[in-house]
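Morning, everyone. I have one structure to walk you through today. Please take a look before I start.

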Amino acid sequence: MDKIILAYDEDDADAGSYYKGCADHLVSLITSNCHFTFISKRNLNFVYVDQVLTDISEHNFLFFAYSHGEKHQLSCGLGHYLSCSSDLNPFNNTFFYSYACLAGNNFGETLIRSGCQGFFGYKNVVNHYSNHESLFIECTNYGIKMMLQGDNAVTAERKMKENYEEVADNLSGMLDFVAAELLDTRDALIRLGREDFKLSELGEYY
Amino acid sequence: MSLNDILSHIRLQTETGQQFEKKLLKLTIDRLMRNKENLNG
């Protein structure tokens, strides 16, 4: 069975509800029969994540991360759970999709050097408006939604950016603050790895 | 952060207020460049 690892920091005081919302939304997008490994709460730490990666090694998988991040790592209240100094070899021939500030810098590049076929993330600090949470969540997952419909990585990236614009253009007046944040997030989006990568190369995810 | 908080930050020109201003300016320029908004003199 095709495998998906889903890490999300639902306990974060500020953005936990957003991260969980992204995770729930992602699960609703997967219609094929996949095996999910959920990593959250106390399990979201580098020891547990390393064990999960050891157990799954030799298999292809998709990894999703919704949490805080920094240039070299993904983190939560318990500290980092994946970083440039982790053993990233299990990510050889996998795909990584994340919503985390800054992790599109050194961390994303290191993943690709470890053989990861594709990476979606953000190179700057990104924010969302909690009273427009569902709108931001749908934008966050739009890229993977397109890939689950068969698009390759670069096409999904283009459509994801266009979606940020389309959603922002439908907001006006006092909601310009929200629109401005969406376009800022669009500009922070970064895709690394093979342009022509498709999820079908790793399994029957759609 | 409420709208009043945001406006207060902008009036006081705090770092947060300046970031909001910059993002709104970027939004306007972006929309003009994509022909989603017009400047009428």
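Predicted model: local features only at pLDDT ≥ 70, side-chain atom pairs only at ≥ 80, totals over all residues.

I will go through the sheets, then the helices, then the meeting of the chains.

Let's begin with the six-stranded sheet in chain A. It is an open sheet, and its strand order is S2-S1-S3-S7-S8-S9. The pairing is mixed. Which strands stand at the edges? They are S2 and S9, the latter spanning residues 189-193 of chain A. Each has a single partner strand, so one side of each has no neighbour in the sheet. How are neighbouring strands turned against each other? On average by 15 degrees, ignoring direction.

Now step inside that sheet. Take strand S1, residues 3-8 of chain A, and strand S2, residues 35-39 of chain A. They pair in the parallel sense, over five bridges. If you want a pair to find on screen, look for Lys3(A): its bridge partner in S2(A) is His35(A). How does the chain get from S1(A) to S2(A)? It goes through H1(A), and this β-α-β crossover is right-handed.

S1(A) also pairs with strand S3, residues 61-66 of chain A. These two run parallel as well, joined by six bridges. Here the pair to look for is Leu6(A) with Phe64(A), its bridge partner in S3(A). H1(A) packs on this sheet. The helix touches S1, S3 and strand S7, residues 95-99 of chain A. Its direction makes about 165 degrees with that of S1(A).

There is another sheet in chain A. It is open, has three strands, and runs in the order S4-S5-S6 with antiparallel pairing. S4, residues 68-70, and S6, residues 79-83, are the edge strands, each pairing on one side only. From one strand to the next, the twist averages 35 degrees. Strand S5, residues 73-76 of chain A, is joined to S6(A) by four bridges, in the antiparallel sense. There, Gln73(A) stands opposite Ser83(A) in S6(A).

On to helix packing. Helix H1 covers residues 16-29 of chain A, and helix H4 covers residues 133-140 of chain A. Their axes come within 9 Å and cross at roughly 55 degrees. H1(A) and H4(A) are therefore oblique to each other. The crossing is right-handed. Who makes the contact? From H1(A), Ser17(A), Tyr18(A), Gly21(A), Cys22(A) and His25(A); from H4(A), Glu133(A), Ile137(A), Glu138(A) and Thr140(A). By class, that contact has three nonpolar, four polar and two charged residues.

Last stop: where chain B meets chain A. Ten residues of chain B are in contact with 10 residues of chain A. On the chain B side, helix H1 (3-12) and helix H2 (15-33) each supply at least two residues. Which gives the most? H2(B), with six residues. That side of chain B has five nonpolar, no polar and five charged residues.

Look at what H2(B) meets. Helix H7, residues 176-188 of chain A, crosses H2(B) at roughly 80 degrees, with the axes coming within 9 Å. That makes H7(A) roughly perpendicular to H2(B). Among the H7(A) residues in this contact are Phe177(A), Ala180(A) and Asp184(A); H2(B) brings residues including Phe20(B), Lys23(B) and Leu27(B). By class, the residues of this contact are seven nonpolar, no polar and six charged.

That's my tour. Over to you.

Definitions and conventions. Residues numbered from 1 in each chain as written. Chains lettered and ligands numbered in written order. Axes fitted to C-alpha atoms, helices over the stretch in contact; angles between N-to-C directions. Parallel < 35°, antiparallel > 145°, perpendicular 65-115°, else oblique. Left-handed = near helix turned anticlockwise from the far one by under 90°. Contact = placed C-beta atoms within 7 Å. Nonpolar A, V, L, I, M, F, W, Y, C, P; charged D, E, K, R; others polar. Pairing = 2+ DSSP bridges. Right-handed = clockwise from strand over helix to strand, strands pointing away.
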